[in-house]
Amino acid sequence: MSLLAQWREDIRCVFERDPAARTTFEVLTTYPGVHAIMLYRLAHRLWRAEWRYPARLLSFVARLLSNVDIHPGAVIGPRFFIDHGACVVIGETAEIGKDVTLYHGVTLGGTSWRKGKRHPTLGDGVLVGAGAKILGPITIGANARVGANSVVVQDVPDGCTVVGIPGKVVKLREAGQLNPYGIDLDHHLIPDPVGKAIACLLERIDSLEKKVEGGGLVAVGSQQQFYQGCNPDNSICESDCAGGATALAQPASRRRAAPASVSE
């Protein structure tokens, strides 16, 4: 594919992923992410032609203009989009598939001083949320999503979402699927694996307490008395903890008077 054809595809994909984009002229003149990828395409060709210093110099100029640091040795597929284009770093041995989207603050970094493959590989259709760090020679599967501010250090399977520090993989079949308006950009619709684990523990504790009461080891009703005065102040207390319903049934004045929340 010619350089001009690559530029055209990179510009055209902006309209599919940014509802704020209105005209081609506006995209060409005001989108730093587009400036960065256009200059990268040229620098990468110089790099492959063994013109290493001119390639690095052009990448340096691109960084000054766009605040996006893309090593000319990185391999990036067609229709690559960096939204907002600020503080993005892409290392030398990174490999990026087609139709990939990065938000601001993303780092595709290495974890080794040794030469060779030391940066991530992103499959087709991957979306990386703002501030995420993907480190080391790992693979992010096709159509995967990386939640904002996640730190990913292990492989991510196709069609999954990874969230947290360190990143935890959550299998969601809807991740990365096309919607009626184009590529799925709903990277804010991510689960909370820690909250789910807490909810499971609360449910298990409630079940054990009922068994203890049923076995006559404690007085009947002591569980409900234990929850008197709870002050549920979050969704886990209200929906997952057995004490949440008990506490919410109390007068609000009594809940406020409670010294501390036990149901948390």
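## Largest pocket

In this predicted model, the largest pocket has a volume of about 160 Å³. Its lining consists of Q6, Y40, R41, H44, R45, R48, V75 and I76. Two elements, α3 (32-48) and β2 (75-76), each give two or more residues to this lining. Helix α3 provides the largest share, with five residues.

Sorted by class, the lining of the largest pocket comprises three nonpolar, two polar and three charged residues.

## Largest cavity

Rolling a probe the size of a water molecule over the atoms shows where empty space is left. The structure contains one cavity of 30 Å³ or more, and the largest cavity holds about 50 Å³ of space. The residues that line the largest cavity are A36, L39, Y40, S59, A62, V68, D69 and I70.

The class composition of the cavity lining is six nonpolar, one polar and one charged.

## Packing of α3 and α4

Two packed helices are described by the angle between their axes and the distance between the axes. For α3 and helix α4 (residues 52-66), the angle is about 175 degrees, and the axes lie 8 Å apart. The two helices, α3 and α4, are therefore roughly antiparallel to each other, given that an angle over 145 degrees counts as such.

On the α3 side, the contact is made by P32, A36, L39, L42, A43, L46 and W47. On the α4 side, the residues that meet them are R52, P54, A55, R56, L58, S59, A62, L65 and S66. By class, the contact between α3 and α4 involves 12 nonpolar, two polar and two charged residues.

## Four-stranded sheet

An open sheet of four strands has the order β2-β5-β8-β11, with parallel pairing. Strands β2 and β11 (139-140) are at the edges and have a single partner strand each, so one side of each is left without a neighbour in the sheet. Edge strand β2 is also one of the elements that give two or more residues to the lining of the largest pocket.

Within this sheet, strand β5 (residues 95-96) is joined to strand β8 (residues 121-122) by two bridges, and the two strands run parallel. Residue I96 stands opposite L122 in β8.

## Five-stranded sheet

Another open sheet has five strands, in the order β1-β4-β7-β10-β13, and its pairing is parallel. Its edge strands are β1 and β13 (151-152), each of which pairs on one side only.

Strand β10 (residues 133-135) pairs with β13 in the parallel sense, over two bridges. In this pairing, K133 stands opposite V151 in β13.

## Backbone geometry

Most residues other than glycine have a negative phi, and most peptide bonds are trans. Two sites in the model may be examined against this background.

A cis peptide bond joins I165 and P166, with omega of about -10 degrees. Residue P166 is placed in the loop between β14 (160-163) and β15 (168-171). Residue H84 has a phi near 75 degrees, a positive value in a residue other than glycine. The location of H84 is the loop between β3 (81-82) and β4 (88-90).

Notes: Residues numbered from 1 in each chain as written. Predicted model: local features only at pLDDT ≥ 70, side-chain atom pairs only at ≥ 80, totals over all residues. Heavy atoms only, no water. 1 Å grid on protein atoms, 1.4 Å probe; cavity = no way out; pocket = protein on both sides within 12 Å on 5 of 7 lines; lining within 4 Å. Points joined across faces, edges and corners; volume = space filled by probe spheres on them. Nonpolar A, V, L, I, M, F, W, Y, C, P; charged D, E, K, R; others polar. Pairing = 2+ DSSP bridges. Axes fitted to C-alpha atoms, helices over the stretch in contact; angles between N-to-C directions. Parallel < 35°, antiparallel > 145°, perpendicular 65-115°, else oblique. Contact = heavy atoms within 4.5 Å.
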